[in-house]
Amino acid sequence: MTILITGAAGFIGQQVAARLLARGDRVIGIDNLNDYYPVALKRARIADLETRFGDAFRFAQIDFADHEALARALAGAAISGIVHLGAQAGVRYSIENPRAYAQSNLVGHLNMLEVARERPGVPMVYASSSSVYGANESLPFRVEDRVDHPVSLYAATKKADELMSETYAHLYRIPLTGLRFFTVYGPWGRPDMAVWLFTRAILAGDPIRVFNGGDMRRDFTYIDDIVTGVVASLDNPPPDDGQAKAGGSRAPHRLYNIGNHRSEELGRLIDVIEAACGRPAIRDYQPMQPGDVKETYADISAIRDDLGYAPTTPIDVGVPRFVDWYRAYHSI
């Protein structure tokens with residue numbers, strides 16, 4: 001099988017590519033290598049895949065929001081599955097640079113739906129986000145919950161992606177699975193995420209910013225568990241049987257939460273990072289940031305019942321693994 005992965009130089013994209021390549025699939029990876037965070041890390045991820053898997057992995061630096069460049073890159077490629085993970089990420093950055101989100105997350109997602117439409121029967125798994133739940137106070141978040149009140153533009157674009165996908169599944173019977181990721185962390189992670197930011201600051205002896213006075217909770221999900229859910233979704237596309245599916249669609253379109261099914265206090269996360277780093281944090285308490293939410297907590301019953309998804313990695317295990325990787329990557 002040859003799988004197309006967008007965002008292949010990203011955190012989740014690299015790890016999904018590695019899992020698929022390790023089991024014998026071929027992967028075409030595309031990414032525009034934008035500078036939202038250091039491009040050197042993205043290039044290192046691609047180099048890691050090329051070193052480990054050779055010709056089974058083919059990379060093209062293109063922007064999937066450019067439909068003509070996308071068509072040229074994929075001309076003649078026999079694709080048996082699509083994992084669309086590329087996007088402009090980040091809740092807070094969407095306040096500073098909203099147009100980047102419209103281009104990547106709206107135009108880009110539409111282009112990928114067209115790629116799937118041109119290949120009848122080829123399933124596509126795409127990245128949504130737990131951010132679509134906004135300030136939902138009903139916990140844990142369920143895929144059946146209304147998600148009509150996003151509190152960031154990033155969340156609004158991800159909700160729009162789900163709506164566009166529902167339309168394409170209905171009109172063209174494309175098998176689509178949208179995955180609402182909950183705070184992913186682990187080796188090769190993103191430098192704008194809390195686990196990376198806190199680890200870097202603690203090891204450097206710098207203060208960490210703790211928002212909302214520390215009164216926040218997140219469903220932290222280890223990368224290996226996320227990848228297992230992505231691959232299971234790719235291998236088990238929704239049937240076109242007219243039956244209601246996770247998220248409510250009767251078209252071949254499912255929506256799943258992928259989380260750890262436990263909500264951790266921010267203070268406990270910091271405690272675990274401190275222990276893994278072997279030094280205390282300097283905590284600089286800050287107010288809540290615009291676009292942030294106080295708590296996330298995933299109900300994973302839908303993906304558990306349909307695909308057998310069962311996360312296995314608590315932060316007590318996953319955080320030390322990340323800190324060990326971080327030290328090795330930065331030669332600390």
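My entries follow, one topic at a time.

**Entry 1: aromatic rings**

I kept in mind that this is a predicted model. I began with the ring pairs. A pair of aromatic rings is described by the distance of the centres and the angle of the planes. My count came to 17 aromatic pairs. Stacked needs planes under 30 degrees apart and edge-to-face needs over 60.

Trp196 and Phe322 belong to one aromatic cluster with Trp188, Trp325, Tyr326 and Tyr329.

**Entry 2: charges over rings**

I checked lysine and arginine ends against the rings. The charged end of Lys42 sits over the ring of Tyr37, at 4.6 Å from the ring centre. Arg117 does likewise with Tyr172: its charged end is over that ring, 4.8 Å from the centre.

**Entry 3: helix 7 against helix 9**

I went back to helix 7 and took its crossing with helix 9, residues 266-277. The two axes come within 10 Å and cross at roughly 45°. Angles under 35 degrees would count as roughly parallel, and roughly perpendicular starts at 65. Helix 7 and helix 9 are therefore oblique to each other. I noted the crossing of helix 7 and helix 9 as right-handed.

Which residues of the two helices meet? From helix 7 I listed Val195, Phe198, Thr199, Ile202 and Leu203. From helix 9 I listed Leu266, Leu269, Ile270, Ile273, Glu274 and Cys277.

**Entry 4: helix 1 against helix 8**

I took a second crossing. Helix 1 covers residues 11-22 and helix 8 covers residues 223-235. Their axes come within 9 Å and cross at roughly 65°. The crossing of helix 1 and helix 8 is right-handed. On the helix 1 side I found residues including Phe11, Ile12, Gln15 and Arg19. On the helix 8 side, Ile223, Asp224, Val227 and Leu234 are among them.

**Entry 5: backbone angles**

Most residues other than glycine have a negative phi, and most peptide bonds are trans.

The bond between Leu139 and Pro140 is cis, with omega about -5°. Pro140 lies in the loop between strand 5 (124-129) and helix 6.

Thr183 has phi near 35°, a positive value for a residue other than glycine. I located Thr183 in the loop between strand 6 (176-181) and strand 7 (184-185).

His261 is no glycine either, and its phi is positive at about 60°. The loop here runs between strand 11 (253-258) and strand 12 (264-265). His261 has a relative accessible area of 36%, so I noted it as partly exposed.

Ser165 is in helix 6, residues 153-172. It has 0% relative accessibility and therefore counts as buried. Beyond residues up to four places away in sequence, Ser165 touches His109, Leu113, Tyr126, Leu176 and His253.

Arg200 lies in helix 7. It is partly exposed, at 37% relative accessible area. Leaving aside neighbours within four places, Arg200 is in contact with Asp206 and Tyr326. Tyr326 also turned up in the aromatic cluster of my opening entry. I also checked Arg200 against Val323: 123 residues apart in sequence, 9.2 Å apart C-alpha to C-alpha.

Val122 is in the loop between helix 5 (98-117) and strand 5. Its relative accessible area is 10%, so Val122 is buried. What does Val122 contact beyond four places in sequence? I found Ile79, Ser80, Gly81, Ile82, Ile174 and Pro175. For Val122 and Ala77, 45 residues apart along the chain, the C-alpha separation is 13 Å.

Methods
Residues are numbered from 1 along each chain as its sequence is written. This is a predicted model: local features need pLDDT of at least 70, side-chain atom pairs count only at pLDDT 80 or more; totals for chains, interfaces and linings use all residues. Side-chain values use heavy atoms; hydrogens and water are left out. Rings of Phe, Tyr and Trp (its six-membered ring) pair if their centres lie within 6.5 Å; planes under 30 degrees apart count as stacked, over 60 as edge-to-face and the rest as tilted. A charge sits over a ring if NZ of Lys or CZ of Arg is within 6 Å of the ring centre and within 35 degrees of the ring normal. Helices (H or I, at least four residues) and strands (E, at least two) are DSSP runs, numbered from the N terminus. Buried means under 20% relative accessible area, exposed over 50%, partly exposed in between (1.4 Å probe, protein chains only). Contact means heavy atoms within 4.5 Å. Axes are lines fitted to C-alpha atoms, for helices over the stretch in contact, and angles run from 0 to 180 degrees between N-to-C directions. Angles under 35 degrees count as roughly parallel, over 145 as roughly antiparallel, 65 to 115 as roughly perpendicular and the rest as oblique. A crossing is left-handed if the near helix is turned anticlockwise from the far one by less than a right angle, and right-handed if clockwise.
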